[in-house]
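Subject: Structure handover

Dear colleague,

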Amino acid sequence: MLSGILKFFGCKGQSEKQTNDPTTQEILNSVDDFMNRPIYKELTTEIIDSIDDNDLEQAVLITFTNRLEMTTTRNLATFKS
C-alpha cells in the first residue's frame, strides 16, 4: 500500500529507468546531422519545397544569419577603407 501511495505522488524508485532520456548515440546522431546540414546561399521556392518541414525553420534562420554576416562584413570593409 505504501508503494502505491508513493507512486501516486510521483515518488518512483531508483530502479525504474526513464525512457524519454536520449541515449548517447541519439545525441551523437543529432550533432552529426547538425554539422552536416546543408547551408544555402539563397532560398528559392524549389529549395524550400525540397526541405523537410521539420528542418525548414532552421534552414531559413541559417540562411538569414549568413546573409546578415555577409552584409556586416561588407559594410565593415567599406567603413575601414
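Accessible areas come from the Shrake-Rupley method with a 1.4 Å probe, and for residues only the protein chains shown count as cover. By this method the protein has an accessible surface of about 7,700 Å², and 58% of that surface belongs to carbon and sulfur atoms. Please bear in mind that this is a predicted model, in which local features need pLDDT of at least 70 and side-chain atom pairs count only at pLDDT 80 or more, while totals for chains, interfaces and linings use all residues. Residues are numbered from 1 along each chain as its sequence is written, and side-chain values use heavy atoms, with hydrogens and water left out.

The protein contains 4 helices and 0 strands, where helices (H or I, at least four residues) and strands (E, at least two) are DSSP runs, numbered from the N terminus.

Of the 81 residues in the protein, 5% are buried, a word that stands for under 20% relative accessible area, whereas exposed stands for over 50% and partly exposed for what lies in between (1.4 Å probe, protein chains only). Thr-63, which sits in helix α4, is buried, with a relative accessible area of 6%, and a polar atom of the Thr-63 side chain lies 2.8 Å from the backbone oxygen of Ala-59. Asp-33, by contrast, has its place in helix α2, and Asp-33 counts as exposed because its relative accessibility is 57%.

With kind regards

Technical notes. Polar contact = N/O pair within 3.5 Å; in protein donor to acceptor, adjacent residues only side chain to side chain.
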